[in-house]
Amino acid sequence: MSKKASRTSTKRKGSKQRNGFGGASAAEVQATPAQGGRAACDSPPPAASRVRDGAFCVRSSLGVPFLVVSDRGLVSGLPTPSPEEWKELLALCSDLTKQWESRGAVVLSDFEGEFMGIEGELVSASFQRSLCLDPQGLRPLPAGSAVSRDMGLLVDFRCEAGVALAKRIMESDSLCKAIWGADGDVSSLRYTPVTRPLGVQSANVLDVQLAYSDVGKRLSMANMLKRLPPKSVAGLPDKVAAGGMDFTAAQARHRRALELPMAAAVVQYAVDDLHRLEAVLRTQKPAGGNYLQARSRSSAVVSAILKSPAGLSTEKLRAYGEKLKKSTGEQRLAIAVRTKRHLLALRHLLAAAGSDEATTVGIIALAAGAQYANLEDDADRVLAEASVSVPTDLAFPPDGKAAEKEGEKQEEADSGSGPGEVGAKVAVSLGGRRDSKRLRRGLKKRNENVPPVEPESLQRAKRKMEGASQPTEVQAAEEPLPMRGKNKRQKIAAAPTEENQQEQEQEQKQETSEAKVATGKKQTKKRGGAA
(Lines give C-alpha, C1' and ligand atoms only; values in the text may rest on other atoms or scores of the structure.)
Protein backbone atom coordinates (compact mmCIF):
# COMPACT_ATOMS: atom_id res chain seq x y z
CA MET A 1 0.00 0.00 0.00
CA SER A 2 1.35 3.41 -0.95
CA LYS A 3 1.95 6.13 1.62
CA LYS A 4 -0.84 8.23 0.10
CA ALA A 5 -3.34 5.38 0.35
CA SER A 6 -2.23 4.70 3.92
CA ARG A 7 -2.76 8.33 4.89
CA THR A 8 -6.19 8.33 3.24
CA SER A 9 -7.20 5.18 5.14
CA THR A 10 -5.97 6.62 8.43
CA LYS A 11 -7.85 9.87 7.78
CA ARG A 12 -11.11 8.02 7.11
CA LYS A 13 -10.67 5.91 10.19
CA GLY A 14 -10.09 8.98 12.35
CA SER A 15 -13.13 10.74 10.91
CA LYS A 16 -15.33 7.77 11.75
CA GLN A 17 -14.07 7.70 15.32
CA ARG A 18 -14.66 11.42 15.74
CA ASN A 19 -18.29 11.18 14.68
CA GLY A 20 -19.05 9.40 17.96
CA PHE A 21 -20.28 6.06 16.62
CA GLY A 22 -17.15 4.06 17.38
CA GLY A 23 -15.80 3.51 13.90
CA ALA A 24 -19.23 3.38 12.25
CA SER A 25 -21.06 6.17 10.54
CA ALA A 26 -24.55 7.21 11.61
CA ALA A 27 -26.04 5.44 8.60
CA GLU A 28 -24.16 2.24 9.49
CA VAL A 29 -25.38 2.34 13.07
CA GLN A 30 -28.96 2.68 11.83
CA ALA A 31 -28.58 -0.15 9.30
CA THR A 32 -30.50 -3.35 9.98
CA PRO A 33 -28.69 -6.52 11.17
CA ALA A 34 -29.57 -8.19 7.87
CA GLN A 35 -27.28 -5.69 6.14
CA GLY A 36 -24.40 -6.72 8.37
CA GLY A 37 -24.04 -3.28 9.88
CA ARG A 38 -23.48 -1.64 6.45
CA ALA A 39 -25.70 0.85 4.70
CA ALA A 40 -26.95 -0.06 1.27
CA CYS A 41 -24.77 1.42 -1.45
CA ASP A 42 -27.73 2.61 -3.47
CA SER A 43 -29.55 4.23 -0.53
CA PRO A 44 -30.09 7.98 -0.83
CA PRO A 45 -28.16 10.28 1.49
CA PRO A 46 -30.01 10.85 4.78
CA ALA A 47 -31.80 14.14 5.33
CA ALA A 48 -30.60 16.60 7.91
CA SER A 49 -31.24 15.34 11.42
CA ARG A 50 -30.36 16.81 14.79
CA VAL A 51 -30.02 13.29 16.20
CA ARG A 52 -27.37 12.27 13.65
CA ASP A 53 -25.70 15.67 13.91
CA GLY A 54 -25.07 15.18 17.63
CA ALA A 55 -27.47 17.76 19.04
CA PHE A 56 -28.38 15.34 21.84
CA CYS A 57 -24.83 14.30 22.71
CA VAL A 58 -22.59 15.32 25.59
CA ARG A 59 -18.89 14.69 25.97
CA SER A 60 -16.84 13.29 28.81
CA SER A 61 -13.70 14.92 30.16
CA LEU A 62 -11.75 12.96 27.53
CA GLY A 63 -13.99 14.13 24.68
CA VAL A 64 -15.86 10.84 24.24
CA PRO A 65 -19.47 11.39 23.06
CA PHE A 66 -22.46 10.07 24.99
CA LEU A 67 -25.95 10.07 23.53
CA VAL A 68 -28.44 11.43 26.09
CA VAL A 69 -31.53 9.21 26.21
CA SER A 70 -34.12 11.51 27.75
CA ASP A 71 -37.39 13.10 26.68
CA ARG A 72 -37.58 15.66 29.49
CA GLY A 73 -34.32 17.60 29.79
CA LEU A 74 -31.79 15.49 31.69
CA VAL A 75 -28.86 17.75 30.78
CA SER A 76 -28.87 21.52 31.05
CA GLY A 77 -28.43 23.27 27.71
CA LEU A 78 -29.52 20.33 25.57
CA PRO A 79 -32.74 20.63 23.54
CA THR A 80 -35.73 18.44 24.28
CA PRO A 81 -36.33 16.09 21.34
CA SER A 82 -39.54 16.39 19.38
CA PRO A 83 -41.76 13.28 19.10
CA GLU A 84 -40.20 12.43 15.72
CA GLU A 85 -36.67 13.00 17.03
CA TRP A 86 -37.44 10.92 20.11
CA LYS A 87 -38.44 7.98 17.91
CA GLU A 88 -35.30 8.40 15.84
CA LEU A 89 -33.15 8.59 18.95
CA LEU A 90 -34.66 5.40 20.40
CA ALA A 91 -34.21 3.61 17.07
CA LEU A 92 -30.53 4.61 17.09
CA CYS A 93 -30.14 3.26 20.63
CA SER A 94 -31.83 0.01 19.62
CA ASP A 95 -29.51 -0.44 16.62
CA LEU A 96 -26.46 0.32 18.73
CA THR A 97 -27.53 -2.22 21.36
CA LYS A 98 -28.09 -4.83 18.65
CA GLN A 99 -24.54 -4.31 17.43
CA TRP A 100 -23.22 -4.79 20.94
CA GLU A 101 -25.24 -7.96 21.39
CA SER A 102 -24.22 -9.40 18.03
CA ARG A 103 -20.56 -9.03 18.98
CA GLY A 104 -20.97 -10.21 22.59
CA ALA A 105 -19.40 -6.98 23.77
CA VAL A 106 -18.10 -6.02 27.19
CA VAL A 107 -20.13 -2.98 28.25
CA LEU A 108 -18.85 -0.62 30.93
CA SER A 109 -21.77 0.30 33.20
CA ASP A 110 -22.27 2.81 35.98
CA PHE A 111 -25.29 4.24 37.79
CA GLU A 112 -25.92 7.49 39.64
CA GLY A 113 -28.66 8.23 42.13
CA GLU A 114 -29.69 9.42 45.57
CA PHE A 115 -28.22 6.84 47.92
CA MET A 116 -27.67 3.34 46.54
CA GLY A 117 -29.02 -0.07 47.45
CA ILE A 118 -32.60 -0.79 48.48
CA GLU A 119 -32.83 2.56 50.29
CA GLY A 120 -31.77 4.47 47.18
CA GLU A 121 -33.33 5.94 44.05
CA LEU A 122 -31.63 5.76 40.64
CA VAL A 123 -31.37 8.87 38.46
CA SER A 124 -29.21 7.90 35.47
CA ALA A 125 -27.19 5.10 33.90
CA SER A 126 -24.08 5.23 31.70
CA PHE A 127 -23.09 2.53 29.19
CA GLN A 128 -20.16 2.22 26.79
CA ARG A 129 -18.60 -0.67 24.88
CA SER A 130 -14.98 -1.45 25.78
CA LEU A 131 -12.37 -3.22 23.67
CA CYS A 132 -9.83 -3.81 26.42
CA LEU A 133 -11.19 -7.26 27.42
CA ASP A 134 -11.73 -10.43 25.44
CA PRO A 135 -15.51 -11.03 25.68
CA GLN A 136 -15.04 -14.83 25.89
CA GLY A 137 -12.08 -15.36 28.19
CA LEU A 138 -12.23 -11.91 29.87
CA ARG A 139 -8.50 -11.51 29.38
CA PRO A 140 -6.96 -8.04 29.03
CA LEU A 141 -6.14 -7.37 25.38
CA PRO A 142 -2.93 -5.65 24.28
CA ALA A 143 -4.94 -3.69 21.73
CA GLY A 144 -7.03 -2.25 24.53
CA SER A 145 -4.29 0.02 25.83
CA ALA A 146 -6.05 3.11 24.40
CA VAL A 147 -9.20 4.75 25.69
CA SER A 148 -12.36 3.50 23.97
CA ARG A 149 -13.85 6.12 21.68
CA ASP A 150 -17.14 4.37 21.01
CA MET A 151 -20.23 6.46 21.56
CA GLY A 152 -21.79 5.74 24.94
CA LEU A 153 -25.28 6.16 26.35
CA LEU A 154 -26.44 8.40 29.22
CA VAL A 155 -29.91 7.16 30.18
CA ASP A 156 -32.56 9.06 32.13
CA PHE A 157 -34.45 6.84 34.59
CA ARG A 158 -37.39 9.26 34.74
CA CYS A 159 -38.65 8.20 31.30
CA GLU A 160 -40.09 4.76 30.64
CA ALA A 161 -38.19 4.29 27.40
CA GLY A 162 -34.92 4.97 29.22
CA VAL A 163 -35.75 2.40 31.89
CA ALA A 164 -36.67 -0.11 29.18
CA LEU A 165 -33.33 0.44 27.44
CA ALA A 166 -31.36 -0.01 30.68
CA LYS A 167 -33.43 -3.11 31.47
CA ARG A 168 -32.66 -4.59 28.05
CA ILE A 169 -28.91 -4.05 28.48
CA MET A 170 -28.73 -5.29 32.06
CA GLU A 171 -30.83 -8.41 31.43
CA SER A 172 -29.01 -9.39 28.22
CA ASP A 173 -26.98 -12.60 28.51
CA SER A 174 -25.02 -11.62 25.40
CA LEU A 175 -23.53 -8.52 27.02
CA CYS A 176 -21.01 -8.69 29.84
CA LYS A 177 -21.65 -5.67 32.08
CA ALA A 178 -18.44 -4.56 33.81
CA ILE A 179 -19.25 -2.60 36.99
CA TRP A 180 -17.23 -1.41 39.96
CA GLY A 181 -19.21 -2.37 43.08
CA ALA A 182 -22.22 -4.02 41.48
CA ASP A 183 -24.07 -4.98 44.67
CA GLY A 184 -25.62 -1.55 45.24
CA ASP A 185 -26.48 -1.06 41.56
CA VAL A 186 -28.07 -4.49 41.17
CA SER A 187 -30.18 -4.13 44.32
CA SER A 188 -31.31 -0.64 43.25
CA LEU A 189 -32.32 -1.94 39.82
CA ARG A 190 -34.25 -4.79 41.42
CA TYR A 191 -35.97 -3.25 44.46
CA THR A 192 -36.18 0.54 43.99
CA PRO A 193 -38.03 2.81 44.17
CA VAL A 194 -39.81 1.04 47.02
CA THR A 195 -43.24 2.29 45.98
CA ARG A 196 -42.80 1.04 42.40
CA PRO A 197 -39.72 -1.19 41.96
CA LEU A 198 -38.04 -1.41 38.55
CA GLY A 199 -37.71 -5.18 38.91
CA VAL A 200 -34.62 -5.48 36.67
CA GLN A 201 -33.14 -9.00 36.74
CA SER A 202 -29.48 -8.28 36.00
CA ALA A 203 -27.53 -11.00 34.18
CA ASN A 204 -23.92 -11.61 33.09
CA VAL A 205 -22.47 -9.05 35.49
CA LEU A 206 -18.74 -8.70 36.14
CA ASP A 207 -18.06 -6.91 39.41
CA VAL A 208 -14.48 -5.78 38.78
CA GLN A 209 -14.18 -4.76 42.42
CA LEU A 210 -14.35 -8.42 43.50
CA ALA A 211 -11.20 -9.19 41.50
CA TYR A 212 -9.20 -7.03 43.92
CA SER A 213 -11.12 -7.33 47.20
CA ASP A 214 -13.54 -9.46 49.21
CA VAL A 215 -17.29 -9.10 49.60
CA GLY A 216 -17.01 -8.16 53.27
CA LYS A 217 -14.19 -5.66 52.74
CA ARG A 218 -14.37 -4.00 49.34
CA LEU A 219 -11.66 -1.80 47.87
CA SER A 220 -12.96 1.65 47.08
CA MET A 221 -12.43 3.22 43.68
CA ALA A 222 -10.54 6.10 45.32
CA ASN A 223 -7.98 3.68 46.76
CA MET A 224 -7.76 1.74 43.49
CA LEU A 225 -7.01 4.93 41.59
CA LYS A 226 -3.92 5.40 43.76
CA ARG A 227 -2.51 2.18 42.27
CA LEU A 228 -2.96 3.24 38.66
CA PRO A 229 -0.24 4.86 36.57
CA PRO A 230 -0.91 8.61 36.36
CA LYS A 231 -0.80 8.41 32.57
CA SER A 232 -3.81 6.04 32.50
CA VAL A 233 -6.11 8.63 34.13
CA ALA A 234 -4.59 11.73 32.54
CA GLY A 235 -7.27 14.26 31.67
CA LEU A 236 -9.75 13.00 34.25
CA PRO A 237 -10.61 15.30 37.17
CA ASP A 238 -10.13 14.22 40.75
CA LYS A 239 -13.00 11.89 41.66
CA VAL A 240 -13.56 13.37 45.12
CA ALA A 241 -13.89 16.93 43.81
CA ALA A 242 -15.58 16.01 40.52
CA GLY A 243 -19.03 17.45 39.97
CA GLY A 244 -18.82 19.82 42.91
CA MET A 245 -21.46 17.79 44.78
CA ASP A 246 -21.44 17.18 48.51
CA PHE A 247 -23.35 13.93 48.90
CA THR A 248 -22.74 13.76 52.65
CA ALA A 249 -24.23 17.20 53.32
CA ALA A 250 -27.28 16.46 51.17
CA GLN A 251 -27.86 13.03 52.69
CA ALA A 252 -27.49 14.40 56.21
CA ARG A 253 -30.50 16.66 55.58
CA HIS A 254 -32.34 14.06 53.50
CA ARG A 255 -32.10 16.21 50.39
CA ARG A 256 -31.27 15.44 46.78
CA ALA A 257 -27.62 15.89 45.82
CA LEU A 258 -28.13 15.50 42.05
CA GLU A 259 -29.93 18.59 40.79
CA LEU A 260 -31.83 18.20 37.53
CA PRO A 261 -31.24 19.15 34.84
CA MET A 262 -27.58 18.16 35.21
CA ALA A 263 -24.92 20.79 34.77
CA ALA A 264 -21.85 20.06 32.63
CA ALA A 265 -19.71 19.18 35.65
CA VAL A 266 -22.33 16.73 36.93
CA VAL A 267 -22.61 15.09 33.50
CA GLN A 268 -18.87 14.56 33.37
CA TYR A 269 -18.99 13.14 36.89
CA ALA A 270 -21.61 10.63 35.71
CA VAL A 271 -19.74 9.40 32.62
CA ASP A 272 -16.09 9.77 33.66
CA ASP A 273 -16.37 6.80 36.02
CA LEU A 274 -16.52 4.58 32.94
CA HIS A 275 -13.08 5.88 31.91
CA ARG A 276 -11.72 5.22 35.39
CA LEU A 277 -13.11 1.68 35.33
CA GLU A 278 -11.57 1.06 31.92
CA ALA A 279 -8.23 2.37 33.21
CA VAL A 280 -8.37 -0.35 35.88
CA LEU A 281 -9.09 -3.00 33.25
CA ARG A 282 -6.26 -1.73 31.02
CA THR A 283 -3.52 -1.47 33.64
CA GLN A 284 -4.26 -3.98 36.41
CA LYS A 285 -3.76 -7.76 36.24
CA PRO A 286 -6.29 -9.92 38.09
CA ALA A 287 -5.47 -13.27 39.68
CA GLY A 288 -5.11 -15.94 37.02
CA GLY A 289 -4.65 -13.37 34.28
CA ASN A 290 -8.39 -13.02 33.58
CA TYR A 291 -11.68 -11.99 35.20
CA LEU A 292 -13.46 -15.34 34.97
CA GLN A 293 -13.14 -15.99 38.70
CA ALA A 294 -14.38 -12.49 39.50
CA ARG A 295 -17.39 -13.02 37.22
CA SER A 296 -18.16 -16.32 38.95
CA ARG A 297 -18.14 -14.60 42.33
CA SER A 298 -20.21 -11.77 40.89
CA SER A 299 -22.82 -14.22 39.64
CA ALA A 300 -23.19 -15.70 43.13
CA VAL A 301 -23.61 -12.24 44.69
CA VAL A 302 -26.10 -11.07 42.04
CA SER A 303 -28.13 -14.27 42.31
CA ALA A 304 -28.40 -13.88 46.10
CA ILE A 305 -29.47 -10.24 45.80
CA LEU A 306 -32.12 -10.99 43.19
CA LYS A 307 -33.54 -13.77 45.35
CA SER A 308 -33.61 -11.70 48.52
CA PRO A 309 -31.90 -8.61 49.93
CA ALA A 310 -31.38 -10.45 53.24
CA GLY A 311 -27.64 -11.01 53.07
CA LEU A 312 -26.83 -7.56 51.73
CA SER A 313 -29.13 -5.88 54.27
CA THR A 314 -27.56 -7.73 57.19
CA GLU A 315 -24.10 -6.64 56.11
CA LYS A 316 -25.17 -3.05 55.52
CA LEU A 317 -26.96 -2.65 58.83
CA ARG A 318 -23.97 -4.07 60.66
CA ALA A 319 -21.70 -1.56 58.93
CA TYR A 320 -24.15 1.28 59.62
CA GLY A 321 -24.19 0.39 63.31
CA GLU A 322 -20.41 0.56 63.56
CA LYS A 323 -20.18 3.84 61.64
CA LEU A 324 -22.95 5.40 63.72
CA LYS A 325 -20.88 4.83 66.86
CA LYS A 326 -17.57 6.04 65.43
CA SER A 327 -18.61 8.96 63.23
CA THR A 328 -19.49 12.46 64.37
CA GLY A 329 -21.19 15.58 63.05
CA GLU A 330 -22.57 15.61 59.53
CA GLN A 331 -21.18 12.17 58.71
CA ARG A 332 -23.02 10.65 61.67
CA LEU A 333 -26.27 12.34 60.66
CA ALA A 334 -25.91 10.98 57.09
CA ILE A 335 -25.43 7.44 58.44
CA ALA A 336 -28.55 7.86 60.60
CA VAL A 337 -30.56 8.88 57.52
CA ARG A 338 -29.27 5.87 55.55
CA THR A 339 -30.09 3.54 58.44
CA LYS A 340 -33.64 4.83 58.74
CA ARG A 341 -34.21 4.63 55.01
CA HIS A 342 -32.89 1.08 54.86
CA LEU A 343 -35.16 -0.16 57.65
CA LEU A 344 -38.19 1.54 56.10
CA ALA A 345 -37.32 -0.01 52.72
CA LEU A 346 -37.20 -3.47 54.31
CA ARG A 347 -40.69 -3.01 55.70
CA HIS A 348 -41.94 -1.96 52.27
CA LEU A 349 -40.43 -5.10 50.77
CA LEU A 350 -42.10 -7.23 53.43
CA ALA A 351 -45.47 -5.63 52.78
CA ALA A 352 -45.15 -6.07 49.00
CA ALA A 353 -43.62 -9.57 49.05
CA GLY A 354 -45.56 -12.36 47.43
CA SER A 355 -45.98 -15.90 48.74
CA ASP A 356 -42.76 -17.01 47.04
CA GLU A 357 -40.72 -14.23 48.64
CA ALA A 358 -42.42 -13.98 52.02
CA THR A 359 -40.03 -16.44 53.65
CA THR A 360 -36.73 -14.88 52.59
CA VAL A 361 -37.77 -11.24 52.65
CA GLY A 362 -39.88 -11.62 55.76
CA ILE A 363 -37.09 -13.16 57.81
CA ILE A 364 -34.73 -10.25 57.35
CA ALA A 365 -37.49 -7.67 57.80
CA LEU A 366 -38.64 -9.23 61.07
CA ALA A 367 -35.06 -9.72 62.21
CA ALA A 368 -34.32 -6.09 61.52
CA GLY A 369 -37.20 -5.12 63.76
CA ALA A 370 -35.84 -7.16 66.68
CA GLN A 371 -32.08 -7.50 66.22
CA TYR A 372 -31.60 -3.90 65.14
CA ALA A 373 -34.17 -2.26 67.40
CA ASN A 374 -31.43 -0.44 69.30
CA LEU A 375 -29.84 0.66 66.03
CA GLU A 376 -33.08 2.24 64.87
CA ASP A 377 -33.53 3.94 68.25
CA ASP A 378 -30.03 5.40 67.97
CA ALA A 379 -30.73 6.60 64.44
CA ASP A 380 -34.04 8.15 65.50
CA ARG A 381 -32.33 9.95 68.35
CA VAL A 382 -29.72 11.45 66.02
CA LEU A 383 -32.40 12.53 63.55
CA ALA A 384 -34.53 14.09 66.29
CA GLU A 385 -31.62 16.13 67.61
CA ALA A 386 -31.02 17.56 64.14
CA SER A 387 -34.76 17.99 63.36
CA VAL A 388 -34.47 15.73 60.30
CA SER A 389 -37.31 13.40 59.34
CA VAL A 390 -37.55 10.55 56.84
CA PRO A 391 -41.08 9.92 55.50
CA THR A 392 -42.33 6.36 55.38
CA ASP A 393 -42.46 6.36 51.56
CA LEU A 394 -38.80 7.54 51.44
CA ALA A 395 -39.81 10.51 49.28
CA PHE A 396 -37.52 13.51 49.13
CA PRO A 397 -38.94 16.99 49.72
CA PRO A 398 -39.91 18.49 46.35
CA ASP A 399 -37.34 21.02 45.22
CA GLY A 400 -35.57 20.92 48.56
CA LYS A 401 -33.47 24.05 48.17
CA ALA A 402 -36.26 26.04 46.56
CA ALA A 403 -38.68 25.07 49.31
CA GLU A 404 -36.12 26.02 51.93
CA LYS A 405 -35.57 29.47 50.40
CA GLU A 406 -39.31 29.98 50.07
CA GLY A 407 -39.76 29.07 53.71
CA GLU A 408 -37.06 31.50 54.80
CA LYS A 409 -38.69 34.32 52.81
CA GLN A 410 -42.06 33.56 54.38
CA GLU A 411 -40.50 33.52 57.84
CA GLU A 412 -38.99 36.96 57.24
CA ALA A 413 -42.34 38.27 56.00
CA ASP A 414 -44.10 36.96 59.10
CA SER A 415 -41.47 38.17 61.57
CA GLY A 416 -43.23 41.52 62.11
CA SER A 417 -46.56 39.99 63.07
CA GLY A 418 -47.52 38.41 66.37
CA PRO A 419 -47.22 34.70 67.05
CA GLY A 420 -49.78 32.56 65.28
CA GLU A 421 -50.83 28.96 65.20
CA VAL A 422 -50.41 28.48 61.45
CA GLY A 423 -47.48 26.11 60.78
CA ALA A 424 -46.47 26.05 64.44
CA LYS A 425 -46.86 22.30 64.81
CA VAL A 426 -46.57 19.79 61.99
CA ALA A 427 -46.80 16.15 63.05
CA VAL A 428 -45.01 13.38 61.13
CA SER A 429 -45.88 9.73 60.92
CA LEU A 430 -42.64 8.41 62.39
CA GLY A 431 -42.72 7.96 66.17
CA GLY A 432 -44.99 10.98 66.71
CA ARG A 433 -42.10 13.41 66.17
CA ARG A 434 -42.49 16.87 64.76
CA ASP A 435 -41.25 17.65 61.31
CA SER A 436 -38.05 19.55 60.68
CA LYS A 437 -37.93 23.32 60.98
CA ARG A 438 -37.15 23.72 57.32
CA LEU A 439 -40.12 21.64 56.30
CA ARG A 440 -42.36 23.67 58.61
CA ARG A 441 -41.08 26.83 56.97
CA GLY A 442 -41.92 25.43 53.56
CA LEU A 443 -45.40 24.44 54.72
CA LYS A 444 -46.18 27.74 56.45
CA LYS A 445 -47.17 29.56 53.30
CA ARG A 446 -49.24 26.63 52.06
CA ASN A 447 -51.15 26.35 55.36
CA GLU A 448 -51.69 30.12 55.82
CA ASN A 449 -55.31 31.20 55.74
CA VAL A 450 -55.26 33.62 52.84
CA PRO A 451 -58.62 35.35 52.14
CA PRO A 452 -60.10 34.20 48.84
CA VAL A 453 -59.74 36.48 45.84
CA GLU A 454 -62.98 37.42 44.10
CA PRO A 455 -63.23 36.36 40.46
CA GLU A 456 -62.75 39.04 37.84
CA SER A 457 -66.29 38.55 36.54
CA LEU A 458 -67.78 39.31 39.96
CA GLN A 459 -65.60 42.39 40.33
CA ARG A 460 -66.77 43.73 36.94
CA ALA A 461 -70.41 43.11 37.89
CA LYS A 462 -69.94 45.07 41.11
CA ARG A 463 -68.35 48.01 39.33
CA LYS A 464 -71.12 48.04 36.73
CA MET A 465 -73.85 47.97 39.40
CA GLU A 466 -72.23 50.70 41.46
CA GLY A 467 -71.88 52.91 38.37
CA ALA A 468 -75.55 52.46 37.41
CA SER A 469 -76.89 53.59 40.80
CA GLN A 470 -77.29 57.36 41.40
CA PRO A 471 -77.02 58.19 45.13
CA THR A 472 -78.98 61.14 46.54
CA GLU A 473 -77.37 64.12 48.21
CA VAL A 474 -78.29 62.80 51.66
CA GLN A 475 -76.80 59.37 50.88
CA ALA A 476 -73.65 60.94 49.48
CA ALA A 477 -73.15 62.88 52.69
CA GLU A 478 -73.69 59.86 54.86
CA GLU A 479 -71.00 57.38 55.75
CA PRO A 480 -70.77 54.51 53.23
CA LEU A 481 -72.62 51.43 54.34
CA PRO A 482 -71.15 47.91 54.03
CA MET A 483 -72.13 46.04 50.88
CA ARG A 484 -73.38 42.57 51.71
CA GLY A 485 -75.18 41.06 48.83
CA LYS A 486 -76.86 42.16 45.66
CA ASN A 487 -80.29 42.83 47.23
CA LYS A 488 -78.77 44.97 49.97
CA ARG A 489 -76.91 47.16 47.50
CA GLN A 490 -79.96 47.58 45.30
CA LYS A 491 -82.11 48.57 48.28
CA ILE A 492 -79.63 51.20 49.47
CA ALA A 493 -78.99 52.63 46.04
CA ALA A 494 -82.70 52.74 45.03
CA ALA A 495 -84.35 56.20 44.71
CA PRO A 496 -87.25 57.05 47.12
CA THR A 497 -90.63 55.84 45.81
CA GLU A 498 -94.14 57.50 46.14
CA GLU A 499 -95.16 55.17 48.97
CA ASN A 500 -92.03 56.06 50.90
CA GLN A 501 -92.83 59.78 50.55
CA GLN A 502 -96.40 59.29 51.95
CA GLU A 503 -95.02 57.35 54.90
CA GLN A 504 -92.50 60.10 55.59
CA GLU A 505 -95.31 62.81 55.51
CA GLN A 506 -97.44 60.80 57.95
CA GLU A 507 -94.47 60.39 60.28
CA GLN A 508 -93.80 64.12 60.16
CA LYS A 509 -97.47 64.97 60.97
CA GLN A 510 -97.45 62.51 63.87
CA GLU A 511 -94.23 63.99 65.22
CA THR A 512 -95.71 67.49 64.92
CA SER A 513 -98.89 66.57 66.81
CA GLU A 514 -96.91 64.85 69.54
CA ALA A 515 -94.71 67.90 69.88
CA LYS A 516 -97.83 70.18 70.30
CA VAL A 517 -99.28 67.90 72.98
CA ALA A 518 -96.00 67.89 74.87
CA THR A 519 -95.81 71.69 74.69
CA GLY A 520 -99.37 72.05 76.03
CA LYS A 521 -98.63 69.82 79.02
CA LYS A 522 -95.57 71.87 79.93
CA GLN A 523 -97.51 75.11 79.82
CA THR A 524 -100.31 73.62 82.06
CA LYS A 525 -97.70 72.56 84.67
CA LYS A 526 -96.17 76.05 84.72
CA ARG A 527 -99.56 77.72 85.30
CA GLY A 528 -100.42 75.36 88.15
CA GLY A 529 -97.13 76.12 89.85
CA ALA A 530 -97.66 79.86 89.60
CA ALA A 531 -101.12 79.61 91.22
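## Strand β2 and its partners

V58 stands opposite F66 in β2. This pair belongs to a predicted model, in which strand β1 (residues 57-59) and β2 run antiparallel and are joined by three bridges. The hairpin formed by β1 and β2 has five residues between the strands, and G63 takes a positive phi near 85° there. Strand β5 (residues 152-156) also pairs with β2, through four bridges, and these two strands run parallel. In that pairing, V69 stands opposite V155 in β5.

Strand β2 covers residues 65-69 and is mostly covered, with five of its five residues buried. In a regular strand, side chains alternate between the two faces of the sheet. In β2, P65, L67 and V69 point one way, while F66 and V68 point the other way. Both groups are buried.

## Nonpolar cores

The largest nonpolar core holds 66 residues, and the members that touch the most others are W100, F111, F127 and L153. Helix α11 (residues 329-352) gives the most to this core, contributing ten residues. A second core is separate and has 41 residues, including M221, V266, Y269 and Y291.

What does F111 touch, leaving aside residues up to four places away in sequence? Its contacts are M116, L122, S124, A125, F127, F157, M170, I179, D185 and L189. F127, named in this list, is also one of the core members that touch the most others.

Is T97 buried or exposed? T97 is buried, because its relative accessible area of 0% is under the 20% cut-off for burial. The residue lies in helix α3, which spans residues 83-102. Not counting residues up to four places away in sequence, T97 touches L165, R168 and I169.

## The chain overall

The protein chain has 19 helices and seven strands. Of its 531 residues, 39% are buried. The chain exposes about 29800 Å², and carbon and sulfur atoms supply 52% of that area.

Contacts between residues at least 6 apart in sequence were also classed by separation: 74% of them join residues at least 24 apart. The pairing of β2 (residues 65-69) with β5 (residues 152-156) links two segments of the chain, as does the contact between T97 and I169.

Technical notes:
Residues are numbered from 1 along each chain as its sequence is written. This is a predicted model: local features need pLDDT of at least 70, side-chain atom pairs count only at pLDDT 80 or more; totals for chains, interfaces and linings use all residues. Side-chain values use heavy atoms; hydrogens and water are left out. Buried means under 20% relative accessible area, exposed over 50%, partly exposed in between (1.4 Å probe, protein chains only). Contact means heavy atoms within 4.5 Å. A nonpolar core is a set of buried Ala, Val, Leu, Ile, Met, Phe, Trp, Tyr and Cys residues joined through side-chain atoms within 4.5 Å. Accessible areas come from the Shrake-Rupley method with a 1.4 Å probe; for residues, only the protein chains shown count as cover. Two strands pair if DSSP finds at least two bridges between them.
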